Amino acid sequence: MRFIFVDEILELVPGQRIKAIKVISPEEEYFRDHFPGFPVVPGVLLTEMMAQTAGKCLDAEDPRRGKAMLAQIKSASFREWVPPGKRATIQAEIRSSRPQFATADCSVEVDQHKVCSAELFFTFVAADRFAPGYRDEVLDSYLTMQK
Amino acid sequence: MPTLMTEKEVLKWIAELFEESANNVFLDTPREAIPAWDSLGVLTLMAALDERFDLVLSDAEMRAMKKAGDIVEVLRKNGKLN
């Protein structure tokens, strides 16, 4: 299982805001257990979608600061169940962005309905802590398209 | 502009930030007595001071804070206390 919860970035203003999508395949393995007869995307994965999306917005702002990593879920609300086969639109607004930390207000919409929102807190991990040559393929793809 | 807090209100704010009972946080309460005031807690405090008081502190200033009263003093020094 890959742990990439963003398919494509639609809009990005580095360090300020981002909009991305994730199409939720009915084939996702977790639907077998969450839950039989009532498959819905787990809240932790919706949170991960928001964290990955906001993280890309921060990573695009200043890669020298290191990679943005989710450090704290300040708050999170889950309003509606998200069944398989839906297209999730994920948005994040960066509220503060400092050399040591950042905060973001994030949300996920499905069928024009806000299904969840969260306030997330990020810290940064130096790039040399990751495998040599590690790149964010989704962010790279978006940035390449913009050139 | 954020409303100025009294010393007592700041101590309550610190307690809430670090998920402590207000009865456990006093001016002389050391950082070690507040489990959530760890390395992540330092960043959380830094962010909270920025958001609540519009106060951006350096790493050195953050490291210098050893007890709850030090946070109160930083706020007083920066004119953020009522």
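## A quick tour of a predicted two-chain model

Q: Which helices of chain B do the buried residues of helix 4 pack against?
A: This is a predicted model, and we can start with helix 4 of chain B, residues 68-77. Its buried residues are B:A68, B:G69, B:I71, B:V72, B:V74 and B:L75. Those residues pack, within chain B, against helix 1 (7-17), helix 2 (39-53) and helix 3 (59-64).

Q: Is A:Q112 buried or exposed?
A: You'll find A:Q112 in the loop between strand 5 (101-110) and strand 6 (113-125) of chain A. Its phi is positive, near 65°, and it isn't a glycine. A:Q112 has 6 of them, so it is exposed.

Q: What about B:D54, buried or exposed?
A: B:D54 sits in the loop between helix 2 and helix 3 of chain B, and has a positive phi of about 55° without being a glycine. Because it has 11 C-beta neighbours inside 10 Å, B:D54 counts as exposed.

Q: How many residues of chain A are in contact with chain B?
A: On the chain B side, 7 residues take part. By class they are 4 nonpolar, 1 polar and 2 charged. On the chain A side, the number is 8.

Terms used:
Residues numbered from 1 in each chain as written. Chains lettered and ligands numbered in written order. Predicted model: local features only at pLDDT ≥ 70, side-chain atom pairs only at ≥ 80, totals over all residues. Contact = placed C-beta atoms within 7 Å. Nonpolar A, V, L, I, M, F, W, Y, C, P; charged D, E, K, R; others polar. Buried ≥ 20, exposed ≤ 12 C-beta atoms within 10 Å, placed from the backbone. Helix = DSSP H or I, 4+ residues; strand = E, 2+ residues; numbered from the N terminus.
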